[in-house]
Amino acid sequence: PARFACNCGEISLSAALPSGLPNVIFLDAFGTLFGVKGSVGEIYSGLARTAGVKTDPGAVNRAFFQRFAASERLAFPEADHAAIPELEFRWWKTIVAETFERVGALDKFEDFDDFYAGLYGYFETSAPWRVYPDTLNSLARWQSMGIALGVISNFDSRLHRVLNLLGLAEYFQSVTISTEVGAAKPSAAIFQAALAKHQCTAQEAWHIGDSEAEDYAGAQSVGMRAVLLAR
């Protein structure tokens, strides 16, 4: 696949695009529009420290990504819409608990349920996130060109609030999330759901994301023009 490398905004995100103009540009969220400040391990360890539990941030970070990689993708095909927030909460709780268990710290929490609730809520604020330097300028440029913009993400429903807090929500006409669709990238279903919101064919849309398997291959599989972003 064609790759576009971007380090700290030295090259504009918009330089990733091939020639010609689409009707819609879809973008992944985490890892494409924004990322974490520092690392997940640093954030988890910092929050654990406030609960009196000391951990090694590097070990926690490795444990998190090992556990995350082994998880089923975040989607609940048979769930009622009203049940989704609780299912998301439980899905992440399993990952967080097993992350701390892998570093031998789970049993050191006086009240892990209370700690986890605080951690989960923290990631619904702007505090742990950083918008990449090229994101806002690129979105504003495409918007000024009359191109509709949408998000397609394997995030959870907290994404709506995060996008708003980070000043990104105003740029997007649609936000399509795996838990709300019941299918996660690279499934064709989530891309088709996003296209339907814009009454747009796959050939009229592009997708930009940082995952070769989920974003690039997924978008290509439905006929979108796909761009793989290397942050």
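Student: Which residues of helix α4 (residues 112-122) are buried?

Tutor: In this predicted model, the buried residues of α4 are F112, F115, Y116, L119 and Y120.

Student: What makes these buried residues line one face of the helix?

Tutor: Look down the axis of α4: its buried residues fall within an arc of 135 degrees, so they line one face. An α-helix has 3.6 residues a turn, so residues three or four places apart point the same way.

Student: Which helices do the buried residues of α4 pack against?

Tutor: They pack against α1 (40-50) and α3 (84-102). Packing here rests on contacts, and a contact means heavy atoms within 4.5 Å.

Student: Why is β7 called largely enclosed?

Tutor: Buried means under 20% relative accessible area. In β7, 5 of the 5 residues are buried, so the strand is largely enclosed by the rest of the structure.

Student: How do you know that both faces of β7 are covered?

Tutor: Take the two sides in turn. A205, H207 and G209 are on one side, W206 and I208 are on the other, and all are buried. The general rule is that side chains in a regular strand alternate between the two faces of the sheet.

Student: How do you know that β7 (residues 205-209) pairs with β8 (residues 225-230)?

Tutor: Two strands pair if DSSP finds at least two bridges between them. Here 4 bridges join β7 to β8, so the pair qualifies, and the two strands run parallel. As examples, I208 has V227 as its bridge partner in β8, and H207 has A226.

Student: Which elements make a right-handed β-α-β unit?

Tutor: That unit is made by β7, helix α9 (residues 212-221) and β8. With the strands pointing away from you, a right-handed path from the first strand over the helix to the second runs clockwise.

Student: How many helices and strands does the protein chain have?

Tutor: The secondary structure comes to 9 helices and 8 strands.

Student: Why is the protein chain called as compact as a globular protein of that length?

Tutor: Set its radius of gyration beside the globule rule. The radius is 18 Å, close to the 17 Å that the rule gives for 231 residues, so the chain is as compact as a globular protein of that length. Of the 231 residues, 50% count as buried.

Student: What makes the peptide bond between K185 and P186 worth a look?

Tutor: That bond is cis, with omega about 15 degrees. In general, most peptide bonds are trans. You can find P186 in the loop between α7 (178-181) and α8 (188-197).

Student: And what is the phi of Q199?

Tutor: Phi of Q199 is near 50 degrees, a positive value in a residue other than glycine. As a rule, most residues other than glycine have a negative phi. Q199 sits in the loop between α8 and β7.

Student: Why is Q199 called exposed?

Tutor: Exposed means over 50% relative accessible area. Q199 has 76%, so Q199 counts as exposed.

Key. Residues numbered from 1 in each chain as written. Predicted model: local features only at pLDDT ≥ 70, side-chain atom pairs only at ≥ 80, totals over all residues. Heavy atoms only, no water. Rg over C-alpha atoms; globule rule 2.2 N^0.38 Å. Buried < 20%, exposed > 50% of the residue type's maximum accessible area, 1.4 Å probe, protein only. Arc of directions from axis to C-beta.
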